[in-house]
Structures are given as C-alpha cells and as structure tokens.
Amino acid sequence: MSGFVPTFGIEEELFLTAPTRPHLSALYAMARLMWRKPSHYYKHSATNFARGRDVRYGLMSTVEIATRVHTDPNALLEELRQRRQDLARVVDDAYIVPVGHLFDIEAPTNTGGLHLHIGVPPEWRERAYANLAYFLPLLSLLTVSSPYAGGTYFGASYRIAHSFAIGALREDPYYRFQDLILSRRLGTIEIRLLDPVWDLERVRWLVHAVAQIVQIPCDYPLERVRYAQLRQQACQHGYTDDLRTLYRELRRWLDLPEALLERTVSDQLAEWVGKRGLLATYASLDYAYRTGLWQAVEARPLRPSVHRAVLGVLGYYLPRLPYTAYKAWVEWKRVPVPTPEVELSQG
C-alpha cells in the first residue's frame, strides 16, 4: 500500500416527510439543528429543493448533514452516528427517510445521496480517481435504496439511473453532475453515486473499502464505456455476473462480505413495501435511522406546518443564503484546486 494517509468526510442527504412527502416545515428542524450547534451546522448542513416540473410534487427536497474531516475511518463513522442523533433530536414532526428517491413519485431532480469525500496527495489523485472508478459500480450495491418511482418497481436504484445530479463519467473530472468528481471547492475526490442508507454497518464497509482502494499501488484502467455499462447493471439488475467478476478482483485487496452485495437494502425495502405498504416502510426507515434497528413500528400521525415553514425560512434558509451563494460560485468557477489538507467545509 501507499505511504500516505487519506482523509475522509461524509455528506448525507435525507428526506423529511410528513407523512410521505417533504414539506418546507423541514426548514424549521434545520433551524433548530443549526442554532443548537451553529459552529458546526452553519457550514455542515444544507437544504435542497425540487426543480422544474418536479415542483408539482412539492418544493422541498432533501436536507443535508455533514461530518468534519477524519483520517481514521472509525472516527468518521462515529461522528456520522453523532450527527444522525443530532438530526433525530430536532425532527419531531416528520419521518427521516434515508432513500435516494421517494417511492410514490417520479422526480429526477428530487433525490438524495451519500457523498463521500476523499483527500489524497496531488500526485496520487489521478491514480486514486481511476482505481475508485474501476470498482465504484460494485460499491454502489452497498447502499442502493431506491427501488421504486411513481409507485412502480424499478430495480436497485431509480435515482442512480435517472437523477439529474449524477451520471456516467465524463472526460472532465471536474464536471459536477457525475458519479465521481474532483471537487473544485474542497480539493478532494468526491463520490456522488451512492444512495443514502440507514444501515451504518454498510457505510462502515463502504468507507473501509474506499480507504483500501485509494491506496492500491497499481493502476486500474479508467474505461468510461465499461463504467457506464456496469453502473447500469448495478442500478437496474443488482448483483450481475459481471459485478461478481469485479468482486473477485476486489477480494485481492479487501475481504468484503459478498452477502452485502447479494441482498441489498433496496431488496429489503421492496419486500417491505410489498408486505406492509409505503407508510409503514417509511415509519420503519425512520425508526432504523434513529436507532440502528430495522423492525415494524406503528405509523404516527404527521401533518406539515405552514407556521414552522415560515420560521424555518427566517431561522435557517435566510441566514445561510450568503454561504450557499458562495459555495455555488466556488464550485462552478474554474480556479486552481486546493490541496486536500485544507479544512473541508462540507455542508
């Protein structure tokens, strides 16, 4: 392996539904979160909104929480656990739904993701990017969680197949809306492909796998056509023969449990919806995110609040607007990329 120690940070995008759709009252929960710990959550949180025709399902999309930078994957996961607890404490009027796309609508601009940032020395960046791209379609099966769109079963992840914010790899690694990018703002390699997932053990395996892959001392080819084919197999069909072959290659570097790829969270959610319905599935997802345990729970009455929406706009959205505008400007302008040792501000 290499002689450097990579750094890691996580951004997690989640739906807050009341009961099955997001509402602007989610901004109130984010205001409570930010003002409890403004030193962290002013920069390490965010909110997203639907676009274009998808606004017909509602303006609100996902909320985001993010960790600080870590060199120890276990410390990263422990902080993510704490950030989840912080969010759970302030969300009392909605379900926390960690999926890439809501099950009863079809809205490519209304999606959530799990973004993993990896900092490596500049001289290793090209190799680490290519090696991650080589194995990334396989790793996506650790977190796929979007089996439905418009109430119809799609496969492992409708979001990966159709979200506007990701896509197969382009010639320009700095182009923002693709699965794997070089971040202009942070100077990191950013994995954008992944769905959010309630199961922290799966996230743990993901982070440890990435930590191994970026330090592999040989060069895997960056083949964009192959990548596009494998990502399509993964998001629609799951664990195919081609991905099994890729798994055997990965076993050279990491003893990843194959069972995590053979039966995905998407499979689990599709079965649960078939047996218990949409609302019960969202209630179980909320419980699992809060406790780490998957089980059937009683659905609770939830109703969006216009009053809380107004308070959220005033207490969260408007105070963060200058920082939101700054991030957008930095991410799209063409400037020299900072080194990954710079403190990440990942909200």
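In which helix does Glu271 lie? Glu271 is placed in helix H10, which spans residues 265–276; helices (H or I, at least four residues) and strands (E, at least two) are DSSP runs, numbered from the N terminus. The structure is a predicted model, in which local features need pLDDT of at least 70 and side-chain atom pairs count only at pLDDT 80 or more, while totals for chains, interfaces and linings use all residues. Residues are numbered from 1 along each chain as its sequence is written, and side-chain values use heavy atoms, with hydrogens and water left out.

With a relative accessibility of 39%, Glu271 counts as partly exposed. In this classification, buried means under 20% relative accessible area, exposed means over 50%, and partly exposed lies in between (1.4 Å probe, protein chains only). Between Glu271 and Trp329 there are 58 residues of sequence separation and a C-alpha to C-alpha distance of 43 Å.

Arg21 belongs to the loop between strand E1 (7–17) and helix H1 (26–36), and Asp104 to the loop between strand E4 (95–97) and strand E5 (114–119), so the pair ties together parts that are 83 residues apart in sequence. Both partners are partly exposed, Arg21 with a relative accessible area of 29% and Asp104 with 23%.

The loop between E1 and H1 also contains Pro19. The peptide bond joining Ala18 and Pro19 is cis, with omega at about -10°.

Asp286 takes part in salt bridges with two arginines, Arg290 and Arg300. In the pair with Arg290, the closest N and O atoms are 2.9 Å apart. Asp286 and Arg290 both lie in helix H11 (residues 278–291), where a spacing of 4 residues corresponds to about one turn of the helix. The side chains of Asp286 and Arg300 meet at 3.2 Å, N to O. This second pair links distant parts of the chain, with Asp286 in helix H11 and Arg300 in the loop between H11 and H12, 14 residues apart. Asp286 is buried, with a relative accessible area of 3%, whereas Arg290 is partly exposed at 26% and Arg300 is partly exposed at 31%. Elsewhere, a network of salt bridges links Lys37, Arg68, Glu79, Arg83, Asp86 and Arg89.

Helix packing was described through axes, which are lines fitted to C-alpha atoms, for helices over the stretch in contact, with angles running from 0 to 180 degrees between N-to-C directions. H1 and helix H3 (residues 73–90) pack at about 125°, and their axes are 9 Å apart. This angle makes H1 oblique to H3; angles under 35 degrees count as roughly parallel, over 145 as roughly antiparallel, 65 to 115 as roughly perpendicular and the rest as oblique. The crossing of H1 and H3 is right-handed. A crossing is left-handed if the near helix is turned anticlockwise from the far one by less than a right angle, and right-handed if clockwise.

For helix H4 (residues 122–139) and helix H8 (residues 241–250), the packing angle is about 120° and the axes are 9 Å apart. H4 is thus oblique to H8, and H4 passes H8 in a left-handed crossing.

Helix H9 (residues 259–262) includes Leu261, which is buried at 0% relative accessibility. Leu59, in the loop between strand E2 (45–49) and strand E3 (60–66), is partly exposed with a relative accessible area of 41%. The C-alpha atoms of Leu59 and Arg84 are separated by 24 Å, the two residues being 25 residues apart along the chain.

A nonpolar patch on the surface is formed by Val306, Val310, Leu314, Tyr317, Leu318 and Leu321, which together have about 540 Å² of accessible area. Patches are made of residues with over 30% relative accessible area and no salt bridge, like charges being joined within 9 Å and nonpolar side chains (Val, Leu, Ile, Met, Phe, Trp, Tyr) within 5 Å. Accessible areas come from the Shrake-Rupley method with a 1.4 Å probe, and for residues only the protein chains shown count as cover. Val306 is located in helix H12 (residues 306–332) and is exposed, with a relative accessible area of 62%.

Notes:
Salt bridge = Lys/Arg side-chain N within 4 Å of Asp/Glu carboxyl O.
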